[in-house]
Amino acid sequence: MTLTRFGSKLILAAGVVAVGTASSAMAQSMSDVQKIAKERGLTTQDLIAAAQTYTPTGMLDEYVIMSSGGHSGQVFVIGVPSMRLLRSIAVFTPEPWQGYGYGVGNEILDEGNVMGKENRWGDTHHPALSETNGDYDGEWLFINDKSNARMAVIDLRDFETKQIVKNPLFINDHGGAFVTPNTDYIFQTAQYNVPWGADYAPMSEYKESFRGAVTMWKFDRKKGRIDKSKSFAIELPPYWQDIADCGKLESDGYFFLNSINTELATGGFGVKGEKNPPFEAGVSMNATDYLHIINWKKAEKVYQAGDYTMIKDFPVISLKTAIAEGLLHLTPEPRSPHGVDVTPKGDFIVVSGKLDPHTTIYSFAKIKKAIADKNYSGRDEFGVPVLDFDAVMEAQVEVGLGPLHTQFGPDGYAYTSLFLDSAVARWTLGGVYGPLNPEPDWTLVTKTPVHYNIGHLGAAEGDTVSPDGKYLVAYNKWSVDRFVGVGPLLPQNFQLLDISKQGTDMPVIYDMPLGIGEPHYAQIIKADKLNPWSVYPEIGWDPQTQSVDPWAPRPKMERVERTGEHEVEVYMTSVRSHFTPEHVTVKQGDTVIWRITNTERAVDATHGFSIPVYNITLSLEPGETAKFEFVADVAGTFPFYCTEFCSALHLEMMGYLMVEPNE
Ligand code: K7E
Ligand code: CUA
């Protein structure tokens with residue numbers, strides 16, 4: 001590198017330094033930067049990347065990643081371009097810092113109980129931000145749990161989980177959460193099929209008894225809840241339905257989902273006397289699987305007309321009805337497909353088959369025509385019409401090995417993750433798609449290597465009707481040698497790519513290790529679309545109802561009150577630096593109903609609250625009220641205290657729970 005080039009490209013970095021330390025800035029110069037770079041072995045490219053991502057204190061991020069948390073069962077919120085973890089959101093797994101599942105939040109977690117059993121973790125895969133007219137509106141976030149087929153609702157006013165619903169029909173899902181362009185419905189599709197409700201049936205009855213399905217959860221925006229009474233499902237053939245995407249603009253009203261295992265393989269390898277191929281071979285024998293094309297607006301009409309059957313107390317449009325009403329069509333797709341992604345205008349559907357080096361692009365106009373013309377190449381073994389592949393396919397682009405997922409930029413570029421190549425491919429969308437493509441042109445432009453084994457990728461607002469471009473994040477599955485060793489369980493690696501320039505320049509500019517579960521999909525929203533509260537709107541606020549709780553304790557009303565022979569109610573307030581009252585005395589065996597309000601109005605004046613033995617820990621944000629209950633069955637002397645370092649006299653913010661022993 002030449003010194004001139006080095007110097008000229010670093011003016012920005014020097015400017016950033018000057019803002020941070022105004023007083024010493026005069027003494028610093030580019031030669032200091034050069035010296036440090038030399039000592040640390042940094043290249044010019046490294047320094048430019050640093051200038052693009054370094055975010056001095058007080059400077060805010062431009063974008064926010066809403067990332068699935070994999071088997072942590074949570075959601076992670078990360079700033080871009082700084083790649084700083086801003087917070088986790090407890091969803092399917094109890095989380096003590098947020099006090100979720102340790103006194104409050106238990107009712108939400110209990111909604112997610114499965115077949116009468118408590119499940120206190122989840123495998124979160126696909127977050128979906130709520131949309132208005134196909135664009136993120138920053139109000140709600142949904143996420144699926146693959147391991148138990150559940151769906152969660154998160155309110156982005158306080159970034160807290162409000163609801164978990166369990167799918168009554170299936171026990172495993174993958175194609176969710178995906179929202180319709182105005183968030184009327186949230187889709188969830190079954191993956192590893194089971195008989196309805198996960199009832200027992202022998203594997204020999206797979207074809208007769210096992211079922212595929214897609215559930216359309218109705219979202220009630222006003223209530224901020226999924227309305228089960230207006231939700232329904234559509235029965236599908238017992239393939240393993242995979243990832244999905246909703247149509248938009250041109251394809252609004254449609255829903256697309258992949259499938260694997262059109263072979264109906266049942267595995268069994270490893271059992272003595274069993275001749276079936278193992279699953280990974282058994283489900284990959286056919287040269288093609290089926291893209292499912294569902295007319296959900298029509299399905300909604302069929303449901304509203306009452307043309308469904310109740311199964312496990314849930315309305316299901318049967319496969320027979322779905323075929324008769326023309327709700328469901330299939331078309332061949334390259335085998336072992338993973339991602340299916342609808343282009344910003346809704347005009348094309350991009351499918352990647354893990355075992356095919358091409359992305360296959362379907363034209364929605366051609367799909368519509370083939371449906372109208374009944375241009376079928378046949379029917380599958382369940383009688384579903386299969387649209388002729390050549391009639392609906394628009395193009396195939398050879399992008400590389402192991403293509404998975406595709407996102408879009410504002411300029412006619414598409415980006416596909418390549419698992420086997422460990423790379424991000426940039427290619428052009430044909431058709432009149434921005435300035436890059438005056439002529440139909442489907443071409444690979446460049447590939448950037450990433451480290452390693454990329455799964456999903458996310459471009460800024462890259463799955464909406466108006467992608468932003470600028471940044472792309474590779475959500476890599478392996479990190480191998482990228483970070484200091486922390487034992488055999490390694491973090492995942494989120495790699496930030498600069499996609500602001502056109503052509504072949506698309507460098508990696510930051511690595512972010514994430515050592516709390518294996519994320520899958522993540523969406524990236526413009527930070528200014530989020531409008532969260534800094535404190536709860538009023539004192540005595542119940543986050544579960546998002547309204548003032550009339551029972552919330554208030555100053556001067558604090559008390560410990562015996563309300564029954566074996567029942568005591570506690571009305572407590574917390575403010576820097578005391579709980580009122582400080583002594584709570586009950587009798588062994590009493591049911592204790594305890595309410596606390598944090599009466600603070602200052603931003604960040606959160607108090608914690610914990611009681612030993614009884615497994616209670618709460619987070620009380622400014623204005624918040626909480627209510628928890630326990631049976632004081634163990635006698636003793638138990639200090640409760642504030643678990644947040646909220647003030648200089650924070651250690652003094654405590655009190656005693658006295659449980660008098662029975663005679
Ligand atoms: Cu890991 Cu979307 Cu569940 Cu692909 S999925 S990577
Ligand atoms: Cu309140 Cu520490």
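**Figure 1. The loop holding S577 in the predicted model.** S577 lies in the loop that runs between β36 (567–575) and β37 (578–580). All views in this set are taken from a predicted model. The peptide bond leading from R576 into S577 is cis, and its omega is near 0°. Most peptide bonds are trans, and most residues other than glycine have a negative phi.

Figure 2. Y452 is placed in the loop that links β27 (444–449) to β28. The bond from H451 to Y452 is cis, with omega near -20°.

**Figure 3. The surroundings of ligand 1.** The residues around ligand 1 are H125, H126, H174, I243, H338, H405, G455, H456, K477 and H520. Sorted by class, this shell comprises 1 nonpolar, 8 polar and 1 charged residues.

**Figure 4. H405, a member of the ligand 1 shell.** H405, one of the residues surrounding ligand 1, belongs to strand β24 (residues 403–408). Its relative accessibility is 3%, and H405 therefore counts as buried. The side chains of H405 and H456 are joined by a polar contact of 3.1 Å. H456 is likewise listed in the shell of ligand 1. Leaving aside neighbours within four places in sequence, H405 is in contact with I243, H338, G339, D341, Y415, T416, S417, G455, H456 and L457.

**Figure 5. L418 in strand β25.** L418 is located in strand β25, which spans residues 413–418. With a relative accessible area of 0%, L418 is buried. When neighbours within four places in sequence are set aside, L418 is in contact with V399, G400, L401, G402, P403, A423, A425, K447 and I454. From L418 to K207 the C-alpha to C-alpha distance is 33 Å, and the two residues are 211 residues apart in sequence.

**Figure 6. The largest nonpolar core and the contacts of I234.** In soluble globular proteins, nonpolar side chains tend to be buried together. The largest nonpolar core of this model has 36 residues, of which F187, F232, I234, F255, I294, I317 and L328 touch the most other members. Apart from this core lies another, of 26 residues, including V568, V584, L620 and A626. Beyond its neighbours within four places in sequence, I234 is in contact with G212, A213, V214, M216, I294, A299, I317 and A322.

Figure 7. An α-helix has 3.6 residues a turn, so residues three or four places apart point the same way.

Figure 8. At the start of α11, a side-chain oxygen of S363 comes to within 3.3 Å of the backbone nitrogen of A365. After the helix comes K374, with a positive phi near 50°.

**Figure 9. Two loop residues with positive phi.** L264 is a residue other than glycine with a positive phi, near 60°. The loop that contains L264 runs between β13 (254–260) and α8 (279–282). L264 counts as buried because its relative accessibility is 13%, below the 20% cut-off. K312, also a residue other than glycine, has a positive phi near 55°. This residue, K312, is found in the loop between β15 (309–311) and β16 (314–317). With a relative accessible area of 39%, K312 is partly exposed.

**Figure 10. N531, an exposed loop residue.** N531 sits in the loop that connects β32 (522–526) with β33 (541–542). The relative accessible area of N531 is 65%, and N531 is therefore exposed, the cut-off being over 50%. N531 and M654 are separated by 34 Å, C-alpha to C-alpha, and are 123 residues apart in sequence.

Key. Residues numbered from 1 in each chain as written. Chains lettered and ligands numbered in written order. Predicted model: local features only at pLDDT ≥ 70, side-chain atom pairs only at ≥ 80, totals over all residues. Heavy atoms only, no water. Core = buried A, V, L, I, M, F, W, Y, C linked by side-chain atoms within 4.5 Å. Buried < 20%, exposed > 50% of the residue type's maximum accessible area, 1.4 Å probe, protein only. Contact = heavy atoms within 4.5 Å. Polar contact = N/O pair within 3.5 Å; in protein donor to acceptor, adjacent residues only side chain to side chain. Helix = DSSP H or I, 4+ residues; strand = E, 2+ residues; numbered from the N terminus. Near = heavy atom within 4 Å. Nonpolar A, V, L, I, M, F, W, Y, C, P; charged D, E, K, R; others polar.
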